[in-house]
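I opened this notebook to record what I looked up in one chain, element by element. My entries begin with confidence and end with the packing.

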Amino acid sequence: MIVIKFLTVLPLISLLVNCNHLQRTELVDDRIHIITENVDWSFFQDLDIIHQAIRLRHGVSELYPNETLITAARHRAVVRAWYENAPPPEEHDNDVAENVYYQSNPEDAVSAVKVLTNWYVQEEKSYNYENPIFTPNVQHFVNIVSKTTQQYGCGQARSAGQHGGGIYTVCLYSPPYQPGKESENIAKPLFDFKTDQFDFSMVDDLKVGLVSRLNFRG
């Protein structure tokens, strides 16, 4: 299992740095605007575990965390937090696919389970494997499970201030999915999870011999 660890903290927009977070405070239009970036590697490890479990469920190769994508996703999360989810275009927008999860309450932590429930579980319900067609309603799901997706990186930032805020989780995927060959690229699940609860019990489902019967690196 690939584990994402932030061994160093990149000075994206920080003025105050410690081992747990980056923080910047500025006075913008007579209000305090605080951006805090999550660099807790355990959160990103959880994201990785669930991403790989989902890919395994669909019988496709694992995703490889990419340092460039991780840096870009961290930057994008901070930018989204700063611009309150209305960021200006980025140079990489056409080169990667972007999944964004927004939570309006900046005080409640956002878990990897909550993020992937939104992107994967909810959107899979709208995907018809018998008549596979890409639509915007399933784009987060497709980015995660497509055979063509090879690498990814994630970041998370919190915005807080006098006029609200929220938490922004961003994952970037490469290469971006090109609609048109869904029957080839979006495989049906090979097995069901033991329960309807989407949580880490899914990892136990991978111990039934599935790993030994499939080649996930080819």
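**Basis.** I am working from a predicted model, in which local features need pLDDT of at least 70 and side-chain atom pairs count only at pLDDT 80 or more, while totals for chains, interfaces and linings use all residues. Residues are numbered from 1 along each chain as its sequence is written, and side-chain values use heavy atoms, with hydrogens and water left out.

**Confidence.** I looked up pLDDT (the predictor's confidence in each residue, from 0 to 100) and found a chain mean of 78, with 70% of the residues at 70 or more.

**Helix α1.** I noted 17 residues, 41-57, reaching 24 Å from first C-alpha to last, close to the 24 Å expected at 1.5 Å a residue (1.5 Å times one less than the number of residues). Because 13 of its 17 residues are buried, α1 is largely enclosed by the rest of the structure; buried means under 20% relative accessible area, with a 1.4 Å probe and protein chains only. Just after α1, glycine 59 takes a positive phi of about 70 degrees.

**Helix α2.** Asparagine 66 caps the N-terminal end of this helix, with a side-chain oxygen 2.8 Å from the backbone nitrogen of threonine 68. The buried residues of α2 include Leu69, Arg74, Arg76 and Arg80, and just after the helix glutamate 84 takes a positive phi of about 55 degrees.

**Cores.** I then turned to the nonpolar cores, sets of buried Ala, Val, Leu, Ile, Met, Phe, Trp, Tyr and Cys residues joined through side-chain atoms within 4.5 Å. The largest has 30 residues, of which Leu47, Leu116, Trp119, Phe141, Tyr173 and Ile186 touch the most other members. Helix α3 (112-124) gives the most to this core, with 7 residues. Apart from it lies another core of 13 residues, among them Leu69, Val100, Tyr168 and Leu172.

**Two residues.** Leaving aside neighbours within four places in sequence, tyrosine 173 is in contact with residues including His51, Asn99, Trp119 and Tyr152. Histidine 140, in helix α4 (residues 139-145), counts as buried at 15% relative accessibility and touches Asn99, Val100, Trp119 and Glu123, not counting residues up to four places away in sequence.

Definitions and conventions:
Helix = DSSP H or I, 4+ residues; strand = E, 2+ residues; numbered from the N terminus. Buried < 20%, exposed > 50% of the residue type's maximum accessible area, 1.4 Å probe, protein only. Contact = heavy atoms within 4.5 Å. Polar contact = N/O pair within 3.5 Å; in protein donor to acceptor, adjacent residues only side chain to side chain.
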